[in-house]
Amino acid sequence: MLTTPNLDYNLLAPILIVLGGALIGVFVEGFIGRAYRARIQIIIALLTTATAFCWVISIHNLISQSAAVDSVSIDGGGLFMQGAILAMAFVALLFFTQNDHFAPQASALPGSQEEAAAVLAGVQMTEIYPLVLFAISGMLLFPVAHDLITLFVALEVLSIPLYIITGLARRRRLLSQEAALKYFLLGAYSSAFFLFGGALVYGFSGSLSLATIRTAAATPGANHIFLLLGIVLMSVGLLFKVGAVPFHSWTPDVYQGAPTAVTGFMAACTKVAAFGAMFRIFIVGFAAVQNDWRPVFVAISIVTMAGGAIAAISQRDVKRTLAYSSITHAGFLLAGVIALSQAGLTSMMFYLVAYGFATIGAFGIVTLVRDSTGEVNDLNRWAGLAKKSPGVATAFALFLLSFGGIPLTAGFIAKFSIFTAAYASGNIAIVVVGVLSSAIALFFYLRVILIMFFKEPTDDTVTVVVPSFLVTTGITICFVITLVLGVYPNLLFNLATTMTTLVP
Amino acid sequence: MNLLTLTIVLPLLGVLGLVAVPRENTKAIKLLALASSVVTLISSLLMLTKYKFGVQGFQLVSSHSWFKVFNINYAVGIDGLALVLILLTTVLVPIVVVGGWNEAENGRWSVKTFYMLILILETFMVGVFAATDVFLFYVIFEAMLVPVYFLIGGYGRGERAAAALKFLLYSLFGGLLMLAAVIGLFVLSIKAGHGSFDVTALSHLKISHNTQNWLFLGFFIAFAIKAPLFPFHTWLPGAAKSATPGTSILVLGVLDKVGTYGMIRFCIALFPDAAKTFAPYIIVLSLISIIYGAFLAIGQKDLNSLIAFTSISHFGFIVLGIFAMTSQGLTGATLYMVNHGFSTAALFLVGGWMIERRKSTQVEDFGGLQRITPVMAWSFFIAGMSALALPGLSSFVSEFLVLVGTFTRYPLAAVIGTTGIVLAALYILILVQRTLHGPLQAGNEDTPDLNWREKFALAPVIVALVLLGFYPKPAIHVIDSATSQIMAAAQVTDPTPLAGK
């Protein structure tokens, strides 16, 4: 006889709310006239994320191993990640509201008559909102998934909508579509790796549940070869998602090609989800064999930090620069995973929030700097931006300083705490390489500041569009969070320390 | 509110006041900036009256939890060492404001921003010397670079943006090495039982010799870049060449002292064993700085770079005195920090006015100023004499103390260091001769002499130079109360006198 699974709807509500919002969005696409669609969609998206966020807060101190028949584990660590994803997604959605980011008609060939007709008709893709909500629901599931199948499903639910959205930039359509295709192909490969790894781990342990895998891994005398192979292959999938070297090569292209508002969302929220899941998998499932995988991760962390920083130096495109900077940050965040300690998790949480809001804010500002053909991403044309728009330039400078880890910004506290966790766990090499790559990375952050503040404007065609109320709100939120968490980190850090429980 | 905290916060209140003033009203802005820096000065003088001699540890302490998880506190306090440097800061800022009354007019941004940056910088400068929490020190140490970056890049001349970037990158690179060491120190204190950043608690930590060496280097390189010590000095000439005179005074007079201050406060006090291990090498570097800086100064054609290179030579003396690790050396070095602050201030102030009048920074464009502008020429002469440590001016006392202190432990180093004095005479006298004496250079005929504002700004500096030269006892008394404690804590004793052997 088939028994119906026992679901704890209260604990699953945040995920379900977002999924529900996405479905409503799909209906809106079908039944509401074009004139109102965009407005209704944005309201639904914002309301959904806000409601889900409030729900996460209301259940923030609950713990359950069996929210969905052992497949989902609700605990402090997972809920913190969910809250972070929802908060960031909310702010990122504010930047979606300038309604000229997205292709008028995704199916029209770039440069074709259909496209021209769609532009003329003032058409705007609004499917983007339900797609984003679907991606968010996958992101919410990823860090709380407790078995391999759920992990894989969450990974796909979060990835597939992102592949589509990447191809929807309104301008430079070819670049955008190329990025989407690259992202999709490489993403599909990495998902396959992940799945294959999961199969091997299943073969080793005879179970899909992380808890059983842990017990199996800890059994002395077991033949670990399939477990280790499985870990390697699963790591490929996860490291691809966070953009760690050597699985990073898609990052600059995709960040550049995707609509800028989406890039901010993707860069911030995907990292939270992927790092949340990675930490859970490795500390709950594979901690027993840490001596085998940790050295590899140390090496990856080191090459990621150094590689991202070095590659960024020669970039001339602001989105690519930010992409390489996000690779460097992935390296720093890996240090938190490698620490495999409560301190590591806490500092990683703080780091994700600090980095996420600064990233969303930075990409949000990139959407504002334009000429007649659209966004201007060439850094040399940003010369003298501070003169044209001191407020925007100051905010961008603050985000860059936070990326660089200058004291009194959130980025500094994040870097400090994650290095401390790494040092305490005995990985001094990571700390040394970390500070050196920070120094290299600082060079290009400062160069951007130099271009904005100290160069004379050479190009009068670049303007900063007057941001709408929602966009201003979004930038202000990111600005305030970056500054306040830098000056008074207790606000978030104390919360993070109380939310480090991970159910075994 | 604690008097020390008040002194730290007062310039910030000035910044808040400046926000309210419209940017066109430059006169009100300047007056408000001056007023708030003078109030800060008064507040710091009050601290001097409250300072008690012979008390162990820090005074006027105040501690509030800041970042709980890591036991980081807003912890401030002063000893003699910190007090004199804070006083140097608070005295120099009003002088910079008055002396450089018009220097912000031609900047990239408004006069208002300039004075806001100066006052923010003052808060950081007082705070960095007052911090007794290593983390707080680090935060301010790094954060204070940002206003300087904008001061050089926004209001300087020539290749100002490049100079500002170079300055910032050098300093941040050193700072990041120091961050690794700060983290290491903290983790060690956790392993010892109680995680803390308190500088006194950390000095009691037992650290293995090898670890101590690494942590020492992390701190030392950061401070050596700041100080600037050979071979980490290459950022300084560019920065000094491009910055406004006021900014140069603050950078060379105060900011760079954070480096030498940090060497005493952290390198020696926290890692005495490592300091003893590395002292001979560092003394070699400082001797190279003394002589190399002096030689380069002789060859400079640009007035500002010349002053910058003399500073490299003088910082060599300061570091020499510190790592001789004798009581005279340490006290002399600290006094030297103060004196160098005043003598560079005098050089940059008068030099800046000369450049402002002549619209040129090249030494060869000056000449015969003595006859045209006697007051300005005499001022420059006195400033120069103080830089070459003429007896009777303050630098002499400190240079003498440093050399005596070095001689008792490293006689050869002291002998080599003495040649620096001879070279100093050379670069200063050549400079004085080229700019002030000789035939009048074309273009200098109508140079006006110093006006009342300028005399008013310069007078306190000259008074300090002469006063500290003839009667350095009070300053030495204050400094000695701190250095003897640091020596005792680091378990260093003066070598026994050689006489009678």
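Helix α2 (residues 26-50) of chain B has 25 residues, which at 1.5 Å a residue should span 36 Å; its end C-alpha atoms are 36 Å apart, so the two agree. The model is predicted. Chain B has 20 helices and two strands. Its radius of gyration is 22 Å, close to the 23 Å that the globule rule gives for 501 residues, so chain B is as compact as a globular protein of that length.

**Chain B overall**

- The C-alpha trace of chain B spans about 70 × 65 × 40 Å along its principal axes.
- Of the 501 residues in chain B, 63% are buried.
- Among contacts in chain B with a separation of 6 or more, 81% join residues 24 or more positions apart.

**Helix α2 of chain B**

- Buried residues of α2(B) include I29(B), L32(B), A33(B), S36(B) and T40(B).
- K30(B) is also buried in α2(B), as are S37(B), L41(B), S44(B) and M47(B).
- In an α-helix there are 3.6 residues a turn, so residues three or four places apart point the same way.

**Two domains in chain B**

- Domain 1 of chain B puts 46 residues into the contact, and domain 2 of chain B puts in 55 residues.
- On the domain 1 side, the elements that give two or more residues are α3 (80-99), α9 (209-226), α10 (235-242) and α11 (245-270) of chain B.
- α11(B) gives the most to that side, with 14 residues.
- By class, the domain 1 side has 29 nonpolar, 13 polar and four charged residues.

**Chain A against chain B**

- The contact between the chains takes 24 residues of chain A and 23 residues of chain B.
- On the chain A side, α17 (410-424), α18 (428-454) and α20 (490-498) of chain A each supply at least two residues.
- α18(A) makes the largest share of that side, with 11 residues.
- The chain A side has 19 nonpolar and five polar residues, and no charged residues.

**The largest nonpolar core**

- This core holds 407 residues.
- Those that touch the most other members are I85(A), M88(A), F142(A), A354(A), M452(A), M144(B) and A346(B).
- Helix α7 (residues 160-191) of chain B gives the most to this core, with 21 residues.
- Domain 1 (1-269) and domain 2 (271-493) of chain B both give residues to the core, so it lies between them.
- Leaving out residues up to four places away in sequence, F142(A) touches L151(A), A154(A), L155(A), L158(A), A273(A), A274(A), G276(A) and A277(A).

**S481 of chain B**

- S481(B) lies in helix α20 (residues 473-489) of chain B.
- S481(B) counts as buried because it has 20 C-beta neighbours inside 10 Å, and the cut-off for buried is 20 or more.
- S481(B) and D79(B) are 402 residues apart in sequence, yet their C-alpha atoms are 7.9 Å apart in space.
- Beyond its neighbours within four places in sequence, S481(B) is in contact with F53(B), G54(B) and G80(B).

How values were computed: Residues numbered from 1 in each chain as written. Chains lettered and ligands numbered in written order. Predicted model: local features only at pLDDT ≥ 70, side-chain atom pairs only at ≥ 80, totals over all residues. Contact = placed C-beta atoms within 7 Å. Helix = DSSP H or I, 4+ residues; strand = E, 2+ residues; numbered from the N terminus. Nonpolar A, V, L, I, M, F, W, Y, C, P; charged D, E, K, R; others polar. Core = buried A, V, L, I, M, F, W, Y, C linked by C-beta atoms within 7 Å. Buried ≥ 20, exposed ≤ 12 C-beta atoms within 10 Å, placed from the backbone. Domains from an automatic or database assignment. Rg over C-alpha atoms; globule rule 2.2 N^0.38 Å. Expected span 1.5 Å × (residues − 1).
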